[in-house]
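Subject: Structure handover

Hi,

Here is the structure I promised to pass on. Please open it first, then read my notes below.

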Amino acid sequence: MQFSLFKTFWGHEGSAAQGARLAREAGFHGIEAPLPESPAARERFAQALATHDLAWIAEICTAGSYVPQRHATPAQHLEDLERKIVAGKALSPRFFNVIAGCDAWPLHVQLGFFASAHAIAERLGVICSFETHRGRSFFNPWVTRDVLRALPQLRITCDFSHWVVVCERLMDSEWEVITEVAGHAHHVHGRVGYEQGPQVPHPAAPEYAAALASHERCWEAIWAAQRRRGQAVSTMTPEFGPDGYLHCLPFTAAPVANLWEINRWIGARQRERFERWLAGAVPASRTALQQGMHHDGALPRERAR
């Protein structure tokens with residue numbers, strides 16, 4: 001079993017070529033991003049991937065951006081999904097990460113929607129991994145669990161930072177549902193949330209050690225489930241981002257941390273933890289969780305707690 005890191009383009013302000021170079025220099029294996037809108041931008045994006053030998057995870061939001069259009073119908077979401085899959089297939093993504101549906105739909109509507117969404121993916125010959133995301137169908141653990149029980153063929157992208165906010169508690173406190181949905185986890189978004197927000201100011205800060213430890217325990221449950229079902233590669237996109245997620249100082253709006261520095265740090269840390277976990281050493285979640293980050297972005301030295 002291998003571990004592959006993908007760089008998010010959410011919050012990346014440079015060109016596709018610059019982003020691809022940063023990803024390769026950090027030892028990442030690919031990019032996660034939406035399909036660029038214009039033909040020229042798509043060509044530049046494809047060239048950047050090819051130049052740096054990077055894979056691509058295509059991001060899709062149905063009927064809106066990250067927050068859905070409130071009154072869009074399931075049929076409109078499905079039409080948007082199919083259109084975006086058809087467009088994205090031209091650049092041969094590894095799979096599609098799909099932020100889909102609406103949190104306000106009743107369960108029977110959710111079930112019909114995801115059965116149809118999966119059928120579209122099957123017909124078009126692609127993999128869709130549906131993300132756990134606030135405002136969307138998989139906004140909380142129990143709705144997600146119930147849909148997965150009814151539709152066990154679905155694959156999901158686990159971003160537990162959203163659930164931490166919705167539930168106002170760390171998710172390893174809901175271990176039964178975490179281990180159940182882990183059986184469907186295709187991809188992971190490596191962001192650390194806390195009880196009052198989807199993104200800690202910095203995951204290396206000692207005051208957020210408990211939140212980091214909780215997320216890492218949940219990610220290990222996913223790795224274990226993936227290994228049991230024979231998944232060859234476990235993918236993770238470190239996804240600390242902007243848009244109100246990144247903490248800023250009042251009045252000046254100066255960011256408290258550098259996003260790429262944070263994402264490099266969480267990626268390097270999880271790659272090292274995965275290798276140690278895979279080797280059968282002491283479970284990674286029981287080792288050093290309170291260390292700070294070196295100024296050069298390197299992993300801190302760890303000590304058993």
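First, a definition: a crossing is right-handed if the near helix is turned clockwise from the far one by less than a right angle, and left-handed if anticlockwise. Helices (H or I, at least four residues) and strands (E, at least two) are DSSP runs, numbered from the N terminus.

Two notes on the source. This is a predicted model, so local features need pLDDT of at least 70, side-chain atom pairs count only at pLDDT 80 or more, and totals for chains, interfaces and linings use all residues. Residues are numbered from 1 along each chain as its sequence is written, and side-chain values use heavy atoms, with hydrogens and water left out.

**The helix pair**

Helix α6 (residues 160–167) crosses helix α8 (residues 209–228) at roughly 130°, and their axes come within 11 Å. Axes here are lines fitted to C-alpha atoms, for helices over the stretch in contact, and angles run from 0 to 180 degrees between N-to-C directions. Angles under 35 degrees count as roughly parallel, over 145 as roughly antiparallel, 65 to 115 as roughly perpendicular and the rest as oblique. α6 and α8 are therefore oblique to each other. The crossing of α6 past α8 is right-handed. On α6, the contact (heavy atoms within 4.5 Å) uses Phe160, Ser161 and Val164; on α8, it uses His215, Cys218, Trp219 and Ile222.

**The salt bridges**

A salt bridge is a side-chain nitrogen of Lys or Arg within 4 Å of a carboxyl oxygen of Asp or Glu. The count comes to 13.

- Glu239 pairs with Arg191, with the closest N and O atoms 3.0 Å apart. Glu239 sits in the loop between β8 (233–237) and α9 (259–278), and Arg191 in the loop between β7 (185–189) and α8, 48 residues apart. Both Glu239 and Arg191 are buried (under 20% relative accessible area, with exposed over 50% and partly exposed in between; 1.4 Å probe, protein chains only).
- Glu216 meets Arg269 at 2.6 Å, N to O. This pair links helix α8 to helix α9, 53 residues apart. Glu216 is buried, at 0% relative accessible area. Arg269 is buried too, at 2%.
- Arg276 pairs with Glu272 at 2.8 Å between the closest N and O atoms. Both lie in helix α9, four residues apart, about one turn of the helix. Arg276 is buried at 18%, whereas Glu272 is partly exposed at 28%. Elsewhere, shared partners join Glu216, Glu220, Arg269 and Arg273 into one salt-bridge network.

Best wishes
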